[in-house]
Amino acid sequence: MKKWKSSCAEGINGSGKLLMVAEWNFLSAATDLADERPTPPFFYVEPSATAISQLSWHCPRLTTSKHTKAHCRNDTSFKMSHPAAETSSFITDFLRQAGGVAIIDGGLATELERHGADLNDPLWSAKCLLTSPHLVRAVHLDYLEAGADIIITASYQATIQGFETKGFSRGDSEALLRKSVEIACEARDIYHGRCREGSPDESNDGRVLKHRPILVAASVGSYGAYLADGSEYSGNYGDVITLETLKDFHRRRVQILAESGADLIAFETVPNRVEAQAYAELLEEEDIKIPAWFSFNSKDGINVVSGDSLLECASIVQSCKNAVAVGINCTPPRFIHGLILSIKKATTKPILIYPNSGESYDGDRKEWVQNTGISDKDFVSYVNKWCEIGAVLVGGCCRTTPRTIRAIYETLSNRSASLSSQ
């Protein structure tokens with residue numbers, strides 16, 4: 001057995017194989033943890049905070065308790081603790097391993113419908129957690145095989161209140177939220193298995209089979225998404241909806257998702273300042289242990305959709321210790337350049353962007369207006385420019401597809417090759 005000179009901890013799994021958890025300079029050895037499925041008895045280690053943060057994507061079964069005790073177990077749930085001091089290094093290290101820019105997946109609902117799902121329901125894509133979880137898993141895999149480094153769970157429109165309206169109990173509603181994360185984690189495990197079986201030179205029927213860090217982001221949609229009345233695109237909730245109302249609405253949902261095994265929380269399509277403030281205060285009040293990103297939407301390229309100042313919204317995120325990135329989603333690509341420049345005035349945090357296809361949405365008919373968007377070729381033509389001015393997490397939102405993400409992957413691969421040759 002090789003002698004380890006860095007601080008490390010070891011344990012024996014049920015089959016008697018030695019498992020190692022080491023510091024960053026020996027982190028490659030931790031890959032064994034991701035490849036194995038340890039059985040009880042659990043092993044317990046005392047890794048440093050840095051090791052904990054950086055092992056999150058190497059061992060999807062790694063779980064923390066009280067920041068220091070860790071155990072791997074053979075089930076579908078896990079919790080990774082990210083102490084406040086480590087949140088920035090968490091995303092920085094991930095980006096470094098991704099080559100400087102990481103790829104977020106694309107639209108979920110469009111792809112679910114392409115696979116045959118009927119989403120004509122107030123739950124929208126979350127309906128598939130009930131009716132066809134296998135389709136959700138298939139879409140996650142499609143995006144991973146297109147080159148995505150981050151997959152977002154099907155929980156955008158999944159709320160405890162929404163499920164209860166459908167007749168589910170509180171316990172069943174919470175279980176469905178956990179299920180959204182479990183499905184994404186299962187897809188990641190399946191993908192890594194395919195990577196071990198596939199060819200490293202990408203000659204895999206056009207699939208990207210590259211073993212790499214992959215994050216699962218637990219999606220939290222806005223209060224307007226729950227209402228399913230289009231107010232997520234206006235941010236107008238009326239005077240009766242206050243900061244406290246929004247915190248009470250989201251509180252248990254955020255708790256459940258934070259404890260379900262996701263690597264981070266994605267607060268998506270945030271339409272106004274008050275909801276951003278509610279999220280930031282919830283992370284603090286509930287002592288949420290995993291990082292979060294905040295992404296706003298805009299319809300004029302200047303403010304968020306409610307008319308609130310984007311600078312003020314980004315400033316809220318800047319002061320949130322759990323926030324590891326801030327940016328824009330579900331916004332036409334033509335607005336992104338200016339929005340990135342605006343965000344940079346208010347924050348030093350990494351910037352993420354995942355626009356929609358540019359198509360217009362008819363809120364009354366609840367459908368996208370055909371032939372109002374841009375092609376994948378035009379979409380990715382923006383990518384290098386976005387990265388040049390500061391975007392480091394790039395993907396797609398509504399109406400983008402695995403083809404879009406594959407085009408982004410190829411564009412960024414070409415960009416990396418060009419930079420390396422300079």
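Trainee: What should I know about the model itself?
Mentor: It is a predicted model, where local features need pLDDT of at least 70, side-chain atom pairs count only at pLDDT 80 or more, and totals for chains, interfaces and linings use all residues. Residues are numbered from 1 along each chain as its sequence is written, and side-chain values use heavy atoms, with hydrogens and water left out.

Trainee: Okay, which side chain does Arg-170 meet in a salt bridge?
Mentor: That of Glu-164, at 2.9 Å from N to O. Glu-164 is partly exposed, with a relative accessible area of 31%. A salt bridge is a side-chain nitrogen of Lys or Arg within 4 Å of a carboxyl oxygen of Asp or Glu.

Trainee: And how many salt bridges does that rule give?
Mentor: The count comes to 22. One of them joins the side chains of Arg-114 and Asp-142, at 3.9 Å. Arg-114 lies in helix H4 (residues 109–114) and Asp-142 in helix H6 (residues 133–146), so this pair ties together parts that are 28 residues apart in sequence. Helices (H or I, at least four residues) and strands (E, at least two) are DSSP runs, numbered from the N terminus.

Trainee: Are those two buried or exposed?
Mentor: Arg-114 is exposed at 54%, while Asp-142 is partly exposed at 23%.

Trainee: Switching topic: what is the strand order in the open sheet?
Mentor: The sheet has 8 strands in the order E5-E14-E11-E10-E9-E8-E7-E6, with parallel pairing. E5 (102–103) and E6 (150–152) stand at the edges with a single partner strand each, so one side of each has no neighbour in the sheet. Two strands pair if DSSP finds at least two bridges between them.

Trainee: How many bridges link E6 and E7?
Mentor: There are 3, in the parallel sense, with E7 covering residues 215–220. Ile-152 has Ala-217 in E7 as its bridge partner.

Trainee: Last one: how many disulfides are there?
Mentor: The count is 0, where a disulfide is a pair of cysteine sulfur atoms within 2.5 Å. For Cys-330, the nearest cysteine sulfur is that of Cys-398, 3.7 Å away.

Notes: Buried < 20%, exposed > 50% of the residue type's maximum accessible area, 1.4 Å probe, protein only.
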